[in-house]
Amino acid sequence: MTVSGAGEVSRREAEVLEALGARLTNAQIASRLHISIRTVESHVSSLLRKFGVADRRELAALAEKDTAPDGEVTGLPAARTTFVGRTAEREAILAAFESARLVTLVGPGGVGKTRLAVAAAEAAAPSYARGGAFVDLVPVRDGFVPGAVAAALGVSERPGRPLEDAIADRLGRDRVLLVLDNCEHLLDAVAAFVDRLLSRCPGTRALVTSRERLGVPGERVVPVEPLPLSSDAVALFRDRATAADPAFAVEAGDVEEICARLDGLPLAIELAAARSAALGPGGLLAALDDNLRLLAGGRGADQRHRSLRSVLGWSHDLLEEDERTLFRRLAVFTGGFDLDAVIAVTSGGRGEVADVLGRLAGKSLVAHQRDASRWRLLETVRAFAAERLDASGEQSDLRERHLEWAAATAEHLASRLGATRGSRLSLTGRSAEDGPDDGGRDAFDAVADDLRAALAGATAGPAPGPAPGAPAHRLARSLAALAYARRFLSEALAHYRQAAQLAPGAGEAARDLGAAAECALAFADAGQAFELQLAAAERAGAAGDGNGQAIALARASVVAKRHPGFGTGISVPGERLNALTEQAAAAGDPGDAYVAAHVAAAVAWNAKELATSDPVLAEHALDAARETGDPVLISAALDSVISAAARRGHPREAFRLAGERLTLLDAMDRDDPRSGIEIVDSLHTAGVYAIAVGDLPAALDIAGMAMRDDVTGSHPALARSRLVPPLVLTGAFDEALTRAAEMWDSQTRMDSPPGRWMVPALCSVALAHGLLGEEEAYRSWRARALAVGEVTERSRYMSLVAFVDARVAVHAGWSAGDVAGLVERAAAGFVPGLFDGYATAACAELAVAVGLPDAGRRLAAASRSGQENDWAAACLSRAEGRLRGDTAALEAALDGWERIGARFERACTLLLLPGRADEGRAELAGYLTERSG
């Protein structure tokens with residue numbers, strides 16, 4: 001079967017996908033489908049690769065889309081009343097999208113732009129196979145437009161990569177409709193965002209509502225005028241009046257006059273119609289006459305807006321006193337609100353507030369959101385209520401209560417996520433086994449704009465004193481934790497910095513700066529992380545916290561030495577790092593397990609000039625870390641031991657230790673920035689050494705883990721780059737080439753050029769094409785790898801290029817003259833790198849295949865590579881069988897290929913075995929059939 005957004009998906013995979021959409025755990029899926037948990041994990045990994053998504057949450061979101069009607073635009077406001085008129089405008093919007101990718105509905109407040117956009121989106125949705133999303137920008141502040149869109153799409157930010165890149169990758173080239181509603185207060189930000197997004201996502205269309213055009217090239221403007229008085233305006237009034245009073249009856253002339261006095265503005269008409277049951281047509285006309293008679297001049301757009309303000313004033317004047325009071329106080333909320341929020345901010349009793357809120361909703365001054373338990377003020381209505389709040393003298397008191405509500409709400413949500421349980425200079429919480437707290441995430445998304453607005457209001461103007469700053473500090477810290485848990489990494493970093501500025505004391509500031517440093521490292525900014533740790537150490541020292549100072553100093557030293565090339569990179573002289581390590585040892589209590597572990601780590605890492613650690617000191621650091629029982633510290637210490645093992649030329653030992661690090665992942669708190677770098681590095685290191693030792697099944701599993709882990713730094717291009725090499729080495733060429741094309745396409749949509757991290761994937765693609773006999777594609781991808789990696793004779797990637805060339809040469813049957821230089825290069829040795837074992841073994845087999853006279857000597861010299869690398873071991877066994885006609889050696893090679901899942905290499909080996917050549921030719925022919933199909 002075929003599922004949208006992917007290729008062929010098996011029936012079992014489709015069942016697993018459906019279960020993921022239902023938010024079932026692997027154990028629940030296994031129980032439902034009567035299969036093992038490991039089998040479920042295998043299907044999930046396969047689905048992640050086929051859909052090209054980064055994690056389980058994104059896969060679940062796709063599952064929900066595929067079980068929903070095709071072309072659904074998510075987040076559209078639920079219509080509670082019928083849509084009246086606007087046939088011509090709706091057709092104009094649909095027609096505009098035939099030649100334009102950005103359509104902006106322009107008109108005054110209250111004219112019905114949002115309702116028209118929703119109706120147009122519903123009509124257009126079937127032509128968008130991947131649907132789209134509706135984004136309400138009313139509560140969004142400047143700087144948070146990408147975040148609002150990301151929340152609507154379910155996109156998370158990736159370390160070292162702007163949120164806009166993640167959005168662009170999610171949208172890709174598919175046909176998607178993005179509706180951005182109420183943009184007038186964010187014109188510049190929305191214009192820039194839309195311009196960049198449309199340039200990178202050719203299938204995306206944007207429908208925007210605003211009081212002004214965006215001014216983006218290619219924009220098509222559809223004016224939205226008031227309703228025609230004698231038709232649609234009358235129909236709208238009758239529909240809404242009948243809803244308020246089923247027995248409503250009025251002369252046609254009276255309705256037309258009412259609509260004329262309201263200038264055909266839908267919002268004004270709806271407000272008036274809501275009063276029809278109480279006032280009747282005569283009362284309505286009299287009330288409107290009293291409120292509109294002072295208006296003079298023309299009847300242009302500005303005048304229409306004045307008439308809307310007047311009808312709002314008239315509606316307000318007709319309210320009871322308790323209704324007026326609650327109405328103006330609701331203006332303190334930027335976005336939607338529930339009953340508990342209103343009670344907290346307005347200090348009313350539950351029954352009383354619920355009663356008044358219900359009355360305001362009945363008079364169309366308060367609207368239900370999609371969730372019936374939440375309400376909001378329409379943008380124009382809120383602006384009017386805000387004016388009344390300003391005039392009441394209550395604003396200062398309301399803002400303080402709103403801030404306190406925001407701080408308490410943020411703290412509560414953070415505690416639900418497990419994000420605020422204390423742990424040394426950072427926040428800890430939920431185990432990975434629990435999975436994502438989607439309920440908490442949805443709850444945060446519902447109030448995020450109000451939390452941000454409350455914090456912005458509290459930090460505007462002069463710096464608050466200790467008392468006013470207390471709720472602001474609590475809010476900043478909790479909002480930072482929530483933003484990190486939501487994977488809005490740059491926002492989290494900014495809020496941690498704010499929290500440090502608002503902290504009531506140096507000790508609290510140190511804690512916030514330490515969390516900011518870890519967030520910066522998770523954001524792939526080692527330089528900023530280093531400086532923030534130094535700042536945390538200074539504040540801890542000022543607070544008299546020697547242990548906190550020691551930990552921050554040691555952490556700074558480790559960050560600079562362990563992650564010098566991470567993200568923005570960092571270069572600190574060794575003398576300074578040694579001095580920081582000595583200061584850390586002097587500042588803290590050596591009897592404190594955490595201090596001892598951090599100082600030991602700093603000593604181990606700084607004992608060597610290179611970004612590696614001393615083996616003896618690394619073991620000591622690991623022992624100290626184990627004393628704490630902290631999985632993050634243990635993981636970091638294991639990395640120092642892995643580094644030392646790799647430096648000594650023991651990749652199998654490094655891989656074993658990397659596997660031990662992986663077992664710690666489930667014990668780490670994914671909502672703690674401190675865990676971020678360890679999760680990223682654990683997956684990266686394990687994948688690297690799985691390839692280094694030729695354990696291809698493990699490499700595939702780890703690549704799948706990295707793709708579905710929402711904390712890893714693997715943006716889609718990077719995630720696929722980790723997956724491509726093991727896919728090629730196992731012979732899964734079609735899937736590898738598909739992922740490679742997606743990888744390259746994803747990277748080209750980013751502002752930054754491809755990095756050297758892509759070289760293994762690019763070389764692997766060249767290898768696949770070479771083994772398939774596609775020489776032009778082989779040379780093209782090989783050249784791309786050389787250019788991206790700036791590969792020279794002394795490059796660590798030279799062994800990788802040599803491996804690819806040697807393996808293709810053997811398969812293509814190149815002559816001895818063609819490969820002489822390649823074989824000699826292998827004999828001279830390579831700069832240490834990931835693919836040394838592969839290159840050495842492949843070049844030795846090449847010497848045998850072309851019949852070099854000293855092939856036996858070269859084969860013996862390459863034997864050590866087979867001790868550390870399973871692929872190399874199988875390759876050398878095959879070469880031995882070629883050289884000596886040794887069937888047992890060929891059988892051993894066959895067993896080796898089967899053990900590591902190298903199907904193509906197995907088929908090639910069958911060609912050399914007596915009586916099995918036809919079997920090998922049939923398997924190789926299958927590859928060509930797959931390609932032609």
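Reader: Is Arg674 buried or exposed?

Author: Start with the general idea: buried means under 20% relative accessible area, exposed over 50%, and partly exposed in between, using a 1.4 Å probe and protein chains only. Arg674 has 13% relative accessibility, so Arg674 counts as buried. Keep in mind that this is a predicted model, where local features need pLDDT of at least 70, side-chain atom pairs count only at pLDDT 80 or more, and totals for chains, interfaces and linings use all residues. Residues are numbered from 1 along each chain as its sequence is written, and side-chain values use heavy atoms, leaving out hydrogens and water.

Reader: Which side chain does the side chain of Arg674 make a polar contact with?

Author: A polar contact is a pair of N or O atoms within 3.5 Å; within protein, one must be able to donate a hydrogen and the other to accept it, and residues adjacent in sequence count only if both atoms are side-chain atoms. Here the partner is the side chain of Asp630, at 2.9 Å.

Reader: Where is Arg674 found?

Author: Helices (H or I, at least four residues) and strands (E, at least two) are DSSP runs, numbered from the N terminus. Arg674 sits in helix 31, which covers residues 673-692. The protein has 45 helices and eleven strands.

Reader: What about burial across the protein, how many residues count as buried?

Author: Of the 933 residues, 57% do.

Reader: Which residues of helix 36 meet helix 37?

Author: Contact means heavy atoms within 4.5 Å. Tyr778, Arg782 and Leu786 of helix 36 meet Val801, Val804, Asp805 and Val808 of helix 37.
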